[in-house]
Amino acid sequence: MTKYIVEGGKPLFGEVEISGAKNAAVAIIPAALMVNGVCRIENVPQISDVTLLLQILEELGASVRSINRHTVEIDCTRVRSARTNYDLCQKIRASYYLIGALLARFGEAEVAMPGGCWFGGVRPIDQHVKGFSALGASVTMRGGFIYAKAAQRRLKGASVYLDVVSVGTTMNVMMAAVTAEGSTVIENAAREPHIVDLANFLNSMGANIRGAGTDTIKIDGVPFLHGGTYAIIPDQIEAGTYMAAVAATGGQVLIKNIIPKHMDCITAKLREMGVEVEEHEDTLLVRRTEGLRKTNVKTLPYPGFPTDMQPQITTVLTLAKGTSLVTEGVWNSRYRYVDELRRMGASIQVEDKTAIVEGVENLTGAPVKAYDLRAGAAMVIAALAAHGGSEITGVQYIERGYEDIIGKLRRLGANIYAVEEVEMPAAMAG
Ligand code: EPU
C-alpha cells in the first residue's frame, strides 16, 4: 500500500499542466466499443480508472495500442461478446457506461453492478434503467450482474424524461440511442462539459446528436459508427483542485491546458474568497497574497458549483476568516472527510447537507485517510497548507482520478512524496 508524506506550510509557485478529463475519458473509452474501425483518442489521462477500462475492453477482445503517454488507439472490430469481466467492472463506477455502449453495439449487455467512490449513501441507477427500458431493453439484476437486452437487435428511439438531473444517465442513454432505430429525446438532461465531450466524440464518429450542453438532447439513430481521431477536453476538476491548493497554501501558479469557461463557477467562488484569478485563452493565473475571506457554496449540476469540488473548497474555507456554509446539492451525503479535517484542527459541524465551517488560523499536520477520490484531494490540500508533517493513507482513491499528482505538486515546490507502506506480518504485529 502506498501512502503520501507531506511536509506542509510552503506556498506553491510555478506551472501545472492539466490532464484530460477523467469523467469524459471514462465514458469515451467504453463508447469506443460502438465504433467499427480504429478509434484514436488523444489527451487520455494516465489514471487507474482509465487503465481498468482499457483492460475491460481488452478482455472483451478489443485491440488497445498505446501510441504515447496520452494517446491510445482502440479497435473493437473483433469484439464478439457483450459479457464483461465481473472483477474488473465492479471496481469502478464508470463501468455502467459499458451497458449503454454494449446495448448500442450488440443489443445486449452483461455488466457487474458498478463500484466506485462511496459517499455514505446509495448511488442508485434507477434512471439508467428507466432510460434503457424506454428504448425497448429489458433490464434485470441477479448475482451481482446487470443484464440488459433489447427486444429486437436494435433499440427503438423514444422520449426519455429524467426525474433527476443525472450525468451518468444522460451519457448512458445518449450512447444507447446513437444506433437505435428512429429518434430519441432526452429531457431534463445534465449539461456537464463531459456530456458535450462525449457527444462531440460520438458525432465525430458518425452519430447524429444535437443539443448536448442543454437540458434537451436529440439523437437521430444511425446504423453504425466509423473510426476517427478525437482529443478529450481538459479536466475541470483537476484544474479546480490545483486552484484550491494555491488558495490554501498561498503562492502563484499558472494552470495550463484548461477551458476557462468550464472554470467559471470555481473561479467566481475563489475570487469571493480574495484569491486573484487572471484568465487567458487556455490558462489561468491563480495568486493568493492575502488572507482568505468566508463565503457560502452550494453544489449543483453544471453550470453550478461542482459537487466534485466540494471537499476541496471546504478545505480552503477552513482557513478563511469567519463562518462559511457549504451545502451539498447533488449527493445525499458527501462529508465523510470532515472528521479527517478535524484531526488537523479544522472547525466544521455538519448538519444534514450543510457543513458549517468556522475558519481557523492554521491547520496542523496529522495522519489522515483518503476515503474517496475527492476527499483524498482535500486531504492533500489540507496537508500542503498545514503546519508540520502529515501522512495520507488510502491514496489509491486519489490515483483513480489525478494523473501524477505527486510529480505535479513537487514541480510547484511542494514537499510531498509517496512511500510504500510495509505491512507487518500478523505474527510480528504483537
Ligand atoms: N441519481 C439517481 N438515480 C440514478 C442516477 C443518479 O437518483 O439512476 C441521483 C444520484 O443519487 C445523485 C444525482 O442523481 O444524487 C446525480 O448523480 P449522477 O448520476 O449525476 O452521478 P454519476 O453519473 O453517478 C458522475 C461522476 C461523479 C459526479 C457526479 C455528479 C462519473 C464516473 N462520476 O456520477 O464523479 O460526482 O456525476 O456530477 O462520471 C468524481 O469524479 O469524484 C465523481 C464521484
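This is a predicted model: local features need pLDDT of at least 70, side-chain atom pairs count only at pLDDT 80 or more; totals for chains, interfaces and linings use all residues.
Q: How do I read a cavity, and how much space lies in the largest one here?
A: The general idea is simple: roll a probe the size of a water molecule over the atoms, and you can tell where empty space is left. In this case, the largest cavity has about 50 Å³ of space.

Q: Which residues line the largest cavity?
A: Its lining is made of Thr241, Tyr242, Ala245, Ala377, Val380, Ile381, Leu384, Ile405 and Leu409. Sorted by class, that lining has 8 nonpolar residues, 1 polar and no charged.

Q: Which helix gives the most to that lining?
A: That's α12, with 4 residues. Helices α8, α12 and α13 (405-411) each supply at least two residues of the largest cavity's lining.

Q: On to the open spaces. What is the volume of the second largest pocket?
A: The second largest pocket comes to about 330 Å³. It is lined by 19 residues, and the closest to its centre are Arg288, Leu319, Val360, Glu361 and Asn362.

Q: What classes of residue make up the lining of the second largest pocket, and which elements supply at least two residues each?
A: By class, you get 8 nonpolar, 6 polar and 5 charged residues in that lining. As for elements, α8 (236-249), β19 (320-321) and α12 each bring at least two residues to the second largest pocket.

Q: Now the ligand. How many residues surround it, and which are the closest?
A: The ligand has 25 residues around it, the closest being Tyr96, Ser166, Val167, Asp308 and Val330. By class, this shell splits into 11 nonpolar, 7 polar and 7 charged residues. Several helices take part: α1 (22-31), α5 (126-134), α6 (167-178) and α12 (373-385) each supply at least two shell residues.

Q: Why does the ligand lie between the two domains?
A: Look at who contributes to the shell. Domain 1 (2-19 + 234-421) and domain 2 (22-231) both give residues to the shell around the ligand, so the ligand lies between them.

Q: Which polar atoms lie by the ligand's oxygen atoms?
A: A polar backbone atom of valine 167 is 2.7 Å from a ligand oxygen, and a backbone N or O atom of glycine 168 is 2.8 Å from a ligand oxygen. From a side chain, a polar atom of asparagine 23 sits 3.2 Å from an oxygen atom of the ligand. Taken alone, the ligand exposes 820 Å², and the protein buries 91% of that.

Q: Last topic, the backbone. Which residues does a cis peptide bond join?
A: First the general idea: most peptide bonds are trans, and most residues other than glycine have a negative phi. Here, tyrosine 302 and proline 303 are joined by a cis peptide bond, with omega about 10°. Proline 303 belongs to the loop between β18 (297-298) and α10 (310-317).

Q: And what is phi of asparagine 188, positive or negative?
A: Asparagine 188 has a positive phi, near 60°, and it is a residue other than glycine. You'll find asparagine 188 in the loop between β10 (183-187) and α7 (193-204).

How values were computed:
Residues are numbered from 1 along each chain as its sequence is written. Side-chain values use heavy atoms; hydrogens and water are left out. A residue is near a molecule or strand if one of its heavy atoms lies within 4 Å of it. A polar contact is a pair of N or O atoms within 3.5 Å; within protein, one must be able to donate a hydrogen and the other to accept it, and residues adjacent in sequence count only if both atoms are side-chain atoms. Accessible areas come from the Shrake-Rupley method with a 1.4 Å probe; for residues, only the protein chains shown count as cover. Ala, Val, Leu, Ile, Met, Phe, Trp, Tyr, Cys and Pro count as nonpolar, Asp, Glu, Lys and Arg as charged, and the others, Gly among them, as polar. Domain bounds come from an automatic or database domain assignment. On a 1 Å grid over the protein atoms alone, a cavity is a set of points where a 1.4 Å probe fits but cannot get out, and a pocket is an open set with protein on both sides within 12 Å along at least five of seven lines; lining residues have an atom within 4 Å of a point. Grid points are joined across faces, edges and corners, and a volume is the space filled by probe spheres set on the points.
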